[in-house]
Amino acid sequence: MVEITSTSGELTEIQKYLMTSDNGIKSMKDVDDGTSIKVVAYLEFKDTKDDGKEAKMLSILGDDNNAYTTQSETFKESFYNIVTCMAGKPFSIIKISGETKSGREYVNCMLDKSSIL
């Protein structure tokens, strides 16, 4: 079951569907590093599985109508820092990833500076 908890603004039913339930949603961990995504909208939702496990997800809609989702706290923190600094202006992000010193893989993002210059 999906429960939308916050949105970047008014979203159409189709946008909500694309970002929460569409079979074409791309996991951010599967997106190639260096990929630039022009952010059209974003939302957060809770995804509760049949076994009761709950995941808090961030979903981003790109200008290509593709949705990208993640539950990575690292990614979410970086993304919301960008959102705050951009103060409503259009922007793109670049997906990056790496490995911690303990060997765990992570996904992250950074501002695509070329999208605002």
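**Aromatic pairs and helix packing**

F75 and F79 both belong to helix α2 (residues 73-86) and lie four residues apart, about one turn of the helix; helices (H or I, at least four residues) and strands (E, at least two) are DSSP runs, numbered from the N terminus. An α-helix has 3.6 residues a turn, so residues three or four places apart point the same way. The model is predicted: local features need pLDDT of at least 70 and side-chain atom pairs count only at pLDDT 80 or more, whereas totals for chains, interfaces and linings use all residues. Residues are numbered from 1 along each chain as its sequence is written, and side-chain values use heavy atoms, with hydrogens and water left out.

Both F75 and F79 are buried, that is, under 20% relative accessible area, where exposed is over 50% and partly exposed in between (1.4 Å probe, protein chains only). A search of the whole structure finds five aromatic pairs; rings of Phe, Tyr and Trp (its six-membered ring) pair if their centres lie within 6.5 Å, and planes under 30 degrees apart count as stacked, over 60 as edge-to-face and the rest as tilted. The ring centres of F75 and F79 are 6.4 Å apart and their planes stand at 15°, so this pair is stacked.

F79 also pairs with F91, in a tilted arrangement with 6.1 Å centre to centre and 50° between the planes. Because F79 lies in helix α2 and F91 in the loop between α2 and β6 (92-99), this pair ties together parts twelve residues apart in sequence. F79 and F91 are both buried. Ring pairs link Y42, F75, F79, Y80 and F91 into a cluster.

Helix α1 (residues 13-20) has Q15, L18, M19 and T20 as its buried residues. These pack against β1 (2-7), β3 (36-48), β4 (54-62) and β5 (67-70), contact meaning heavy atoms within 4.5 Å.
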